[in-house]
Amino acid sequence: MEIVPIISKGYDSNVYVIKDEKVAVIDTGLSESWLERKLSEVVAPERVDYVINTHAHVDHCGGNALFKNAKTLIHELDAQALSDGRFYGTASLFAQGKSLRYDRVLREGDVIDLGEAKLEVLHTPGHTPGSACFYISSIKALFSGDTLFAGGSFGRVDLGGNMEQLKASLRRLAKLDIDVLYPGHMEVVEGEEARESARLAWEIAEEYY
Ligand SMILES: [Zn+2]
């Protein structure tokens with residue numbers, strides 16, 4: 001398994017390409033044109049088997065249609081927001097409205113099997129109702145979308161979210177053994193910094209919200 005992070009410097013989400021027996025892309029940024037440029041030296045879009053969205057905000061799904069041969073996977077509670085083209089209000093926020101298809105809905109405990117990499121689906125609502133994190137236990141890697149960022153920050157709850165749910169989700173992540181944190185925006189962190197991010201986020205959420 002090889003994980004190639006594409007770290008965004010703008011409004012696009014980070015994009016993570018996992019190359020294994022199957023090839024998966026976790027989140028796709030705001031637009032196809034941005035992602036196509038970024039992917040050029042990583043993988044050919046037609047080789048991608050799965051597009052996996054952490055949630056249905058358009059800055060994470062806007063490039064989905066670039067992958068013509070891929071199956072699109074999203075948690076069942078965010079599937080509707082993907083296909084209705086409004087993305088919990090982020091379509092108007094980013095002027096990027098479009099209806100996107102999905103092929104399979106995910107639920108808590110599902111495993112997406114890419115070969116060596118087995119992505120466990122953790123339903124972590126709060127940022128949106130169907131926000132999900134993906135955990136590869138063999139390398140203790142967590143793809144956290146906008147639920148958790150490096151350094152103990154976390155996503156906003158005013159675009160379809162709920163703070164009480166987010167607190168519970170952060171509490172859950174704080175107890176998880178994380179060696180590498182791949183968040184939806186900003187930098188990737190490893191080791192103690194990754195574990196501290198989750199603990200700190202939970203503490204901050206409990207104390208200030
Ligand atoms: Zn988001």
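Reader: Which residues does R86 touch, not counting residues up to four places away in sequence?

Author: This is a predicted model. In the model, R86 touches A81, A91 and G97. R86 itself lies in the loop between α3 (79–83) and α4 (90–93).

Reader: What makes A81 count as a contact of R86?

Author: The test is distance. Two residues are in contact if their C-beta atoms, placed from the backbone, lie within 7 Å. R86 touches A81, and also A91 and G97, by that test.

Reader: How far apart are the C-alpha atoms of R86 and G145?

Author: They are separated by 19 Å. Along the chain, R86 and G145 are 59 residues apart.

Reader: Why is R86 called partly exposed?

Author: Count the neighbours. R86 has 17 other C-beta atoms within 10 Å. Buried needs 20 or more, and exposed needs 12 or fewer. The count of 17 lies in between, so R86 is partly exposed.

Reader: What makes strand β9 largely enclosed by the rest of the structure?

Author: Five of the five residues of β9 (residues 132–136) are buried, so the strand is largely enclosed. A132, F134 and I136 point one way, while C133 and Y135 point the other way. Both sets are buried.

Reader: How do you know that β9 pairs with β8?

Author: Pairing takes at least two bridges. Four bridges join β8 (residues 118–123) to β9, so the two strands pair. They run antiparallel. H123 stands opposite A132 in β9.

Reader: How many bridges join β9 to β10?

Author: Three bridges join β9 to β10 (residues 141–145), and these strands run antiparallel. The bridge partner of I136 is A141 in β10. β9 and β10 form a hairpin, with four residues between them. K140 in the turn has a positive phi of about 50°.

Reader: In what order do the six strands of the open sheet stand?

Author: The order is β1-β2-β3-β4-β5-β6, and the pairing is mixed. On average, neighbouring strands of this sheet are turned by 20° against each other, direction ignored.

Reader: Why do β1 and β6 stand at the edges?

Author: Look at their partners. β1 (2–6) and β6 (104–106) each have a single partner strand, so one side of each is left without a neighbour in the sheet.

Reader: In which sense do β3 and β4 pair, parallel or antiparallel?

Author: β3 (residues 23–26) and β4 (residues 50–52) pair in the parallel sense, over three bridges. I26 stands opposite I52 in β4.

Reader: Why is α5 called roughly antiparallel to α6?

Author: Helix α5 (residues 163–174) and helix α6 (residues 191–208) pack at an angle of about 150°, with axes 8 Å apart. The cut-off for roughly antiparallel is over 145 degrees, so α5 is roughly antiparallel to α6. Their crossing is left-handed.

Reader: Which residues meet where α5 packs on α6?

Author: From α5 come L166, K167, L170, R171, L173 and A174. They meet A198, R199, A201, W202, A205 and E206 in α6. By class, the contact has eight nonpolar, no polar and four charged residues.

Methods. Residues numbered from 1 in each chain as written. Predicted model: local features only at pLDDT ≥ 70, side-chain atom pairs only at ≥ 80, totals over all residues. Axes fitted to C-alpha atoms, helices over the stretch in contact; angles between N-to-C directions. Parallel < 35°, antiparallel > 145°, perpendicular 65-115°, else oblique. Left-handed = near helix turned anticlockwise from the far one by under 90°. Nonpolar A, V, L, I, M, F, W, Y, C, P; charged D, E, K, R; others polar.
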